[in-house]
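Me: I'm new to this structure and would like a close look at one part of it. Could you take me through the salt bridges, and then show me how the part that holds one of them sits among its surroundings?

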Amino acid sequence: MPSNKTKKSTAPAVEPEAIETEPVERIDLASILEVGTPGTEPVPVTIKGVDFSINRYFSPDTVWAWSDLQRADPSELTPSEVAEGNRAVLKILLPEEDHDKIEELLAILDTRSIAESRRIFLYINNLAGLVDRQGNALAL
């Protein structure tokens, strides 16, 4: 029958060698939110005769702000709050030189159904790279 006693080793203890390591640089976890590559040119698009471009690079802070806007529940917002949220989203999605087109775009979207407007925003988000492989908005 085996013994339940543990045997003590008679071998001398091994002294660990001093190993020099490089200092480890702190990783900013928010950096995983970055979308695209800095310097990527915006993609030109048009809708109902309005020509504009869509950004394809977003810093982590920008994605964080965009994500906060995406989480807003439109059923709890007034129409003016929804329009303000859409305006804020477009300010993120469009390069600054196209911000003068935002009111035109909002006027166009205002003539569409909620479902159509959501599809347009989803497509813009897709072009911008702000969706995963299944088409779901990132960072929600």
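Reply: Let's begin with Asp 68 and Arg 71, which both lie in helix α1 (residues 60-71). They are 3 residues apart, about one turn of the helix. Helices here are DSSP runs of H or I with at least four residues, while strands are runs of E with at least two, and both are numbered from the N terminus. Asp 68 forms a salt bridge with Arg 71, and their closest N and O atoms are 2.3 Å apart. The term stands for a side-chain nitrogen of Lys or Arg within 4 Å of a carboxyl oxygen of Asp or Glu.

A word on the ground rules: this is a predicted model, so local features need pLDDT of at least 70 and side-chain atom pairs count only at pLDDT 80 or more, while totals for chains, interfaces and linings use all residues. Residues are numbered from 1 along each chain as its sequence is written, and side-chain values use heavy atoms, with hydrogens and water left out.

How covered are the two partners? Asp 68 has a relative accessible area of 39% and Arg 71 has 46%, so each counts as partly exposed. Buried means under 20%, exposed means over 50%, and partly exposed is in between, using a 1.4 Å probe and protein chains only.

By the salt-bridge rule the count comes to 5. Another one of them joins Lys 101 to Asp 98, with the closest N and O atoms 4.0 Å apart. Here Lys 101 is partly exposed at 22%, whereas Asp 98 is buried at 9%. Glu 116 pairs with Arg 112 in a salt bridge too, and their closest N and O atoms are 3.3 Å apart. Glu 116 is partly exposed at 25%, and Arg 112 is also partly exposed, at 36%. Finally, salt bridges link Glu 84, Arg 87 and Glu 103 in a network.

Now back to α1 and its neighbour. The axes of α1 and helix α2 (residues 79-93) come within 10 Å and cross at roughly 155°. That makes α1 roughly antiparallel to α2, a label for angles over 145 degrees, with under 35 being roughly parallel, 65 to 115 roughly perpendicular and the rest oblique. The axes are lines fitted to C-alpha atoms over the stretch in contact, and the angles run from 0 to 180 degrees between N-to-C directions. On the α1 side, Thr 62, Ala 65, Trp 66, Leu 69 and Gln 70 meet Ala 88, Val 89, Ile 92 and Leu 93 in α2; a contact means heavy atoms within 4.5 Å.

To place all this, the protein has 4 helices and 2 strands, in the order β-β-α-α-α-α along the sequence. Of its 140 residues, 24% count as buried. Among contacts with a separation of 6 or more, 57% come from residues 24 or more positions apart.

One last stop is Lys 48, in the loop between β1 (43-47) and β2 (50-54). Its phi is near 50°, a positive value in a residue other than glycine, and Lys 48 is exposed, with a relative accessible area of 69%.
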